[in-house]
Amino acid sequence: MALSGQNVALITVVLIWIFGWFGWPPLWRYGVPALLLMPYLVLVGVSPSITRAVIMGLTVLLALALGRGRPDPYGLMALTATVCLLLFPLWLLDIGFQLSFLAVLALTLSLKAAGKLPERWPLWLRLALVATVLAEFGTLPVIAATFGQMPLVGLPANLAAGVVMTALVPLGFFAGLLGPAAILVNWLVGPLAALLLGIVETFGQAPVLTWGQVSPAGFVAYAVCAGAGVLWLWGRVRFRAVLGVVMVCTVLTLLPGRLHPPREMVFVDIGQGDSTLIRLPHLTVLVDAGGSVNSDFDVGGKTVVPALRALGVRKIDVIIGTHADTDHIEGISGVLRALPVGELWIGQRKTDDPVLTTVLTVAKEEGVPVREARRGDQIASDGVTLTVLWPTGKVWSTEDNENSVAVRLQSGAWSTAILGDLPDPAENYLGLGHLSLLKVAHHGSRFSTDEALLQETTPTDAIISVGRNTYGHPNPEMLGRLGAAGVKVWRTDQMGTIRWPIP
């Protein structure tokens, strides 16, 4: 729910109707609402959608007031976009600006689209139906690319909300103008507002269509399909041709993922913390999901989940919570709530840790079985083996870091290991052997990755998952050891999310 052109249009139409009922001439009938638009913009605050609506509305109303007729819609949009970007150039990168103009551009086809529906249907119903569909199709690539999902109930939700908004917006606006006298209309405003919020809550619980990252080829395919749809609305091509174009573009965009399914590790940039995704054609494993120490920011729900959706991850087979540190497992709760998860693996089942208790409670609520991983546990898929090396489960340390779940990933001659926050000398008890890629433990702490480990594993590359912190991570001495061993270092605080192919 946001202030947008709909709010401006509803209030303006009501004012024009009232002034017309009083018999005002066009100069006053359209000029007064035009003059009121600027104070309205100041009242509600400057934002891309409301500014776009005010500029467009102001131009149209002044043209009607002066007897110049309605401006060309595409010229009007170009003028409005130019003014907005001259005032605020960075709005070009703002999703609100993009969605607002794309939706309006699509709505210019409303009459053409309404003409494709049965004429026996009332025009207002046809326009309402096509407006919602056009707006959703017009903004589809931006929504899919930004949020990684698409709502499936947009049409009924917008139709229901639109009916309520038609009455609620003008009444609410006048209630604000009336001040203490608003009691005259608030007996209607209150129930209408409650009804609108009820519609939002009800439809907000409906399932959504998850969407992966939109590639340049995806945007091109969308543009081709949209162009074919516009030509059909203008009567230049037949509907069968549009269906053919859509089917061909769909197949061409689906083929790469089918012919070359993902085989990679993704070290997600979550700031200070850990979250590593292992993607195989038939197996998806997430090791940790970050967290915010002394903060209520939901790293799992607001950082990890959007990243997973952008990658096209629709389900997770196994989540591994390495140990009970906040910056490793707190975000797992958000992931459990957002995506289907097959199983949750943990090391030590502590009963006195509030963060771990929350994760286990959410897992129970979501029906996700919990497994206590131990040395020797293994998963194999697509020629890749994931083996648990630690803990043994026999003796637990009083230090959470020493109880970290450590795993080794083997694909042919290529191998890597994820060690949680396991310190030395515990790292040397694992029997890692040679590693092609080392995921440095404990964000590069000086207590990790000693010379003995580097001599044993002889990695070519090392990944450090780290963010802004006060712990001194990564430690200069540890970086010196990696440099002396000839290991190339890749850091999420410098490079962002790192995607590493699995051979």
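I take two strands as paired if DSSP finds at least two bridges between them. The model I am reading is predicted.

**Entry: the chain as a whole**

I began with the totals. The protein chain has 503 residues, and 45% of them count as buried. I found 18 helices and 16 strands in its secondary structure. Along the principal axes, the C-alpha atoms fill a box of roughly 90 × 60 × 45 Å. I then looked at contacts between residues at least 6 apart in sequence; 62% of these join residues at least 24 apart.

I went to strand 10, residues 384–390. Of its 7 residues, 6 are buried. I checked its partners on each side. Strand 9 (residues 378–381) pairs with strand 10 in the antiparallel sense, over 4 bridges. One pair I noted is isoleucine 379 with leucine 386 of strand 10. Strand 11 (residues 406–411) also pairs with strand 10 in the antiparallel sense, over 6 bridges. Here I noted threonine 387, whose bridge partner in strand 11 is arginine 408.

The hairpin of strand 9 and strand 10 has 2 residues between the strands. I looked at aspartate 382 in that loop. Its phi is near 55°, a positive value in a residue other than glycine. Is aspartate 382 buried or exposed, or partly exposed? It counts as partly exposed, because its relative accessibility is 26% and the class runs between 20% and 50%.

Next I took strand 5, residues 283–287. I found 5 of its 5 residues buried. Leu283, Val285 and Val287 point one way. Thr284 and Leu286 point the other way.

Strand 4 (residues 276–280) runs antiparallel to strand 5, with 5 bridges joining them. Isoleucine 278 has valine 285 of strand 5 as its bridge partner. With strand 6 the sense is parallel, and 3 bridges join it to strand 5.

**Entry: the nonpolar cores**

Nonpolar side chains tend to be buried together in soluble globular proteins. I looked for the largest nonpolar core here and found 30 residues in it. Which residues touch the most other members? They are Leu286, Leu308, Ile316, Ile319, Val335, Leu336 and Leu344. At least two residues each come from helix 12 (299–310), strand 6 (316–321), helix 14 (332–338), strand 7 (341–346) and helix 15 (354–365). Helix 15 gives the most, with 6 residues. Another core, of 29 residues, lies apart from it; Leu15, Ile16, Val169 and Val189 are among its members.

I then followed leucine 344 out to its contacts, leaving aside residues up to four places away in sequence. Those it touches include Ile319, Ile332, Val359, Leu360 and Ala363. Val368, Pro369, Val370 and Arg371 are also among them.

**Entry: the cavity**

How many cavities of 30 Å³ or more does the structure hold? I found 1. The volume of the largest cavity is about 90 Å³. Its lining includes Gly321, Thr322, His323 and Ala324, and also Ile346, Gly347 and Gln348. Lys350, Asp400 and Asn403 are also among the lining residues. By class, I read the lining as 4 nonpolar, 6 polar and 2 charged.

**Entry: backbone exceptions**

Most residues other than glycine have a negative phi, and most peptide bonds are trans. I listed some departures. The bond from tryptophan 390 to proline 391 is cis, with omega near 10°. Proline 391 sits in the loop between strand 10 and strand 11. A cis bond also joins histidine 473 and proline 474, with omega about -5°. I placed proline 474 in the loop between strand 14 (461–464) and helix 17 (476–484).

Threonine 449 has a positive phi of about 55°. Its loop runs between strand 13 (437–439) and helix 16 (451–457). Threonine 449 counts as buried, because its relative accessibility is 0%.

**Entry: glutamate 136**

Last, I checked a residue of helix 7 (residues 123–147), glutamate 136. At 25% relative accessibility, glutamate 136 counts as partly exposed. Beyond its neighbours within four places in sequence, glutamate 136 contacts Gly154, Leu155 and Asn158. I also took its separation from alanine 103, which is 33 residues away along the chain. The two C-alpha atoms are 7.4 Å apart.

Notes. Residues are numbered from 1 along each chain as its sequence is written. This is a predicted model: local features need pLDDT of at least 70, side-chain atom pairs count only at pLDDT 80 or more; totals for chains, interfaces and linings use all residues. Side-chain values use heavy atoms; hydrogens and water are left out. Buried means under 20% relative accessible area, exposed over 50%, partly exposed in between (1.4 Å probe, protein chains only). On a 1 Å grid over the protein atoms alone, a cavity is a set of points where a 1.4 Å probe fits but cannot get out, and a pocket is an open set with protein on both sides within 12 Å along at least five of seven lines; lining residues have an atom within 4 Å of a point. Grid points are joined across faces, edges and corners, and a volume is the space filled by probe spheres set on the points. Ala, Val, Leu, Ile, Met, Phe, Trp, Tyr, Cys and Pro count as nonpolar, Asp, Glu, Lys and Arg as charged, and the others, Gly among them, as polar. A nonpolar core is a set of buried Ala, Val, Leu, Ile, Met, Phe, Trp, Tyr and Cys residues joined through side-chain atoms within 4.5 Å. Contact means heavy atoms within 4.5 Å.
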